[in-house]
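Subject: Structure for you to look at

Hello,

Here is the structure I promised to pass on. Please open it first, then read my notes below.

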Amino acid sequence: MKSHYRVVVIGGGVVGASVLYHLAKFGWSDVCLLERSVLTAGSSWHAAGGFHALNADPNMAALQAYTIDLMEEIQEESGQNIGLHMTGGLTMAGTPDRWEWLQSAYRVFQSIGIEDCRLVTPEEAVALNPIMSAEGLLGGMWADREGYLDTTGTVHAYAGAARKRGAAVFEHTKVEDLIQTRDGWHLVTDKGTVTCEHVVNAGGLWAKQLGRMAGIDLPVSPLKHHYLISDTIPALEDLAFEVPMTVDLEGFTYLRQDQKGVLLGIYEIDHEHWAMDGAPWDYGMELFQEDTDRIERELTLGFERYPVLQEVGVKTWVNGAFTFSPDGNPLVGPVPGKPGYWCACAVMAGFLQGGGVGKTLAEWMIHGEPEADAWPMDVARYGPYAQNRRYIRETTGQFYSRRFVMTYPNEQLPAGRPLKTAPAHEAMTAAGCQWGVSWDLEVPLYFAPAGFSETPSLKRSNAHDIVAAECRAIRGAVGLIDITGFARYEVTGPNAEGWLDRMLAAKLPAPGRARLAPMLSETGRLKGDLTVFNWGDGSWWIMGSYYLRAWHMRWFRDHLAEGVAIRDLGEEICGFALAGPRSRAVLGQVAETDISGLPFMGCMAADIGLIRARVARMSVTGELGFEINCRYGDHAVLRRTLLEAGAGQGLRECGFNAMLSTRLEKSFGIWNAEFTQGYTPGMTGMDRWIDWDKPGFLGLGAALAERDGNGPAQVLVTLEIDAADADASGFEPVWTGGEKVGFVTSGGYGHHIGKSLAMALVDRDRSGVGTPLSVHVVGAERPARVIAPSPYDPAGKAMRG
Ligand SMILES: Cc1cc2nc3c(=O)[nH]c(=O)nc-3n(C[C@H](O)[C@H](O)[C@H](O)COP(=O)(O)OP(=O)(O)OC[C@H]3O[C@@H](n4cnc5c(N)ncnc54)[C@H](O)[C@@H]3O)c2cc1C
């Protein structure tokens with residue numbers, strides 16, 4: 001072992017080995033991997049080795065597809081047999097809703113370019129997997145790229161291929177402490193100290209401890225997991241092919257062939273955490289005693305689905321542990337506030353996702369940015385709140401037990417909630433508020449009559465009419481919306497203006513003004529759809545999406561300059577918005593400062609009732625609107641003040657669902673739908689806000705190249721869909737004449753204009769207004785057409801009025 005490496009990867013499981021391989025492959029060969037025991041000695045040696053295409057998150061599904069495609073490559077490159085069995089796979093549905101969901105998922109796969117799937121009837125499925133009973137099944141999805149592999153062989157193949165490219169691997173070398181230095185990290189190991197610029201936590205079951213060594217509490221926990229391997233099944237002895245990898249969604253099981261028997265794995269409803277603070281250091285290649293009582297329900301379902309199991313014995317039980325994050329996706333990327341410390345942990349399905357994780361992390365380290373949008377696995381998607389032990393226990397447990405359970409888009413899950421509430425929360429709840437969650441915060445969805453309960457549905461729900469009434473109030477009178485769930489950052493210091501000028505692609509607003517401001521990365525991709533405020537007193541605000549707080553703060557801090565201070569105001573400032581033609585009249589009644597002359601996109605300090613507020617005239621809904629920002633302590637009083645002032649003006653308290661419907665009628669995009677770090681200003685229309693004459697802002701060169709080149713292949717459009725009882729939600733494919741020409745970025749019902757709307761990225765030559773298209777909505781193909789942006793008030797008179 002040398003005394004210094006550019007990168008040290010800690011952990012010789014499938015994930016660490018993949019990170020090492022990708023670093024070497026992309027050109028960094030001064031890298032090594034340290035493993036406290038032998039390669040595979042964590043979760044990796046006893047994994048079932050299965051891989052299947054389905055993932056509820058399209059970005060994760062794309063990374064899984066990458067991993068699967070990589071397998072043959074690493075086998076060839078390393079010369080190590082990985083026992084690859086590409087059996088294909090089935091995912092089966094047994095309830096009407098699940099079957100509908102599977103049909104939608106199939107369409108989403110088409111959107112993201114996973115084409116080798118098809119829907120199958122239960123009869124076709126049984127022909128493909130003859131040991132499966134079709135009892136109760138409604139349909140399934142077949143995918144070519146599914147199967148299983150030899151787990152130990154795969155880890156050795158990654159490591160072997162990495163070694164061939166110059167990387168080093170040291171087994172029996174335990175990292176005992178991590179010390180941050182000016183230039184990187186000191187790793188204290190039982191074989192001496194080694195220094196490096198970058199350290200990667202790929203510690204799997206021990207990731208928690210490796211985090212704590214660096215002062216980080218990662219939101220990750222191990223949970224136990226069972227599978228059984230059956231004795232030889234006579235029916236398989238005579239079969240000329242291997243049965244496919246099969247997931248029975250209602251049965252909580254997955255199955256694959258294992259020699260002439262099968263392996264049946266179980267996602268346990270009655271889950272069990274293990275070693276929440278990280279596995280013991282003396283934990284070796286051990287297994288736990290099986291606990292068949294705890295998994296009896298799932299086993300019964302499994303034995304009913306595969307009746308042959310009732311006739312043969314169990315050869316082996318495996319009860320092992322592997323790790324989960326709160327949403328089940330990996331924790332990858334640079335840890336905020338710890339330069340040179342990278343995560344590649346909480347990878348629940350290392351053999352399915354490890355390749356994608358390794359590729360993403362290596363690109364990030366080498367190029368400063370991964371090729372694909374890494375948001376769904378970015379370690380910075382969580383804030384400090386997610387370090388709480390109970391939060392971790394509840395959310396990881398919920399994810400595990402619901403691994404094969406469908407979550408409806410309008411469904412609210414209980415784990416880790418309520419956590420943070422706005423000060424007016426109780427009063428709003430008393431007024432009927434139904435809550436959703438954004439990051440740690442409860443956010444208002446809509447206000448319902450007492451006793452109302454929303455039915456989870458893929459289609460329009462029983463809250464549809466309630467949201468319609470709130471939209472009417474916004475369009476016809478005035479709505480009051482709690483905007484605690486917006487992120488606010490304060491920028492001050494002698495160089496604040498210069499720094500903002502470099503960070504944001506827009507012209508900075510004059511004192512007393514605000515402006516929409518795209519933020520770009522060096523490669524010209526979007527990093528934010530922000531609003532920048534110039535309060536005129538030397539202080540500036542940036543506003544954005546609440547749940548991006550840790551992610552944006554990491555970006556800001558990584559690019560901070562001398563003479564600039566940036567502060568996240570998310571625990572100090574909250575507020576309410578007034579939206580609607582009567583909002584000025586309502587605010588005027590209680591404003592002690594004259595706000596009547598405040599222009600559109602103007603901002604000022606103002607006294608509202610007894611509150612010293614910061615008021616901005618802006619509009620997410622497309623109506624005349626004001627955002628009134630106050631201290632947390634003032635929130636409840638601000639609400640009461642505005643409710644009283646609005647009593648005679650038809651004011652109605654509204655939630656985010658109405659805000660989302662009205663913004664869609666204005667073709668206003670939102671982050672993680674129309675805008676992501678995978679997209680560019682030219683694609684999304686964000687280029688409208690770029691100040692092309694401004695020198696030297698981040699991403700200028702790449703943005704100019706896009707503007708002056710051939711232009712983006714796809715552009716953002718607004719669609720009207722002839723939908724019946726459901727609306728598009730995101731990632732549905734868009735077609736013309738059987739040819740796929742794009743996908744939906746978000747959709748919903750425009751309550752005021754009475755139409756089902758969507759925004760979509762479509763091929764430029766199909767983006768003209770009037771182009772006839774079709775869209776799959778909940779699996780059913782619906783006619784659609786491109787309409788001019790902003791179907792409501794295209795001239796913007798209402799919001800400027
Ligand atoms: C029963 C079961 C079945 C599974 N089936 C599948 C499946 O079918 N498909 C699939 O994709 N996944 C499956 N998994 C999950 C899979 O095993 C994990 O996702 C994967 O192994 C995670 O790999 P890893 O590299 O992150 O962690 P690990 O395999 O836990 O590796 C971490 C490594 O880090 C080393 N390490 C930790 N701390 C230190 C230190 N301080 N110094 C040096 N080294 C250290 C450890 O010794 C260990 O070798 C299954 C898991 C279980 C338990």
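Start at the ligand. There are 41 residues around it, and Glu35, Arg36, Ser44, Val347 and Gly350 come nearest. Bear in mind that this is a predicted model.

The side chain of Ser44 has an N or O atom 2.6 Å from a ligand oxygen. Val347 uses its backbone instead: an N or O atom there is 2.7 Å from an oxygen of the ligand. Phe351 also has a backbone N or O atom by a ligand oxygen, at 2.9 Å.

How much of the ligand does the protein cover? The ligand on its own has 1,000 Å² of accessible area, and the protein covers 98% of that.

Next, the shell around the ligand. β16 gives the most, with four residues. By class, the shell has 23 nonpolar residues, 15 polar ones and three charged ones.

Now turn to helix α8, residues 296-305. Glu298, Leu299, Gly302 and Arg305 are buried in this helix. These residues lie on the same side of α8, because they cover an arc of only 125 degrees around the axis. What covers them? The cover includes β12, β13 (245-248), β14 (253-258), β15 (261-266) and β16.

Best wishes

Terms used. Residues are numbered from 1 along each chain as its sequence is written. This is a predicted model: local features need pLDDT of at least 70, side-chain atom pairs count only at pLDDT 80 or more; totals for chains, interfaces and linings use all residues. Side-chain values use heavy atoms; hydrogens and water are left out. A residue is near a molecule or strand if one of its heavy atoms lies within 4 Å of it. A polar contact is a pair of N or O atoms within 3.5 Å; within protein, one must be able to donate a hydrogen and the other to accept it, and residues adjacent in sequence count only if both atoms are side-chain atoms. Accessible areas come from the Shrake-Rupley method with a 1.4 Å probe; for residues, only the protein chains shown count as cover. Helices (H or I, at least four residues) and strands (E, at least two) are DSSP runs, numbered from the N terminus. Ala, Val, Leu, Ile, Met, Phe, Trp, Tyr, Cys and Pro count as nonpolar, Asp, Glu, Lys and Arg as charged, and the others, Gly among them, as polar. Buried means under 20% relative accessible area, exposed over 50%, partly exposed in between (1.4 Å probe, protein chains only). The arc is that of the directions from the helix axis to the C-beta atoms. Contact means heavy atoms within 4.5 Å.
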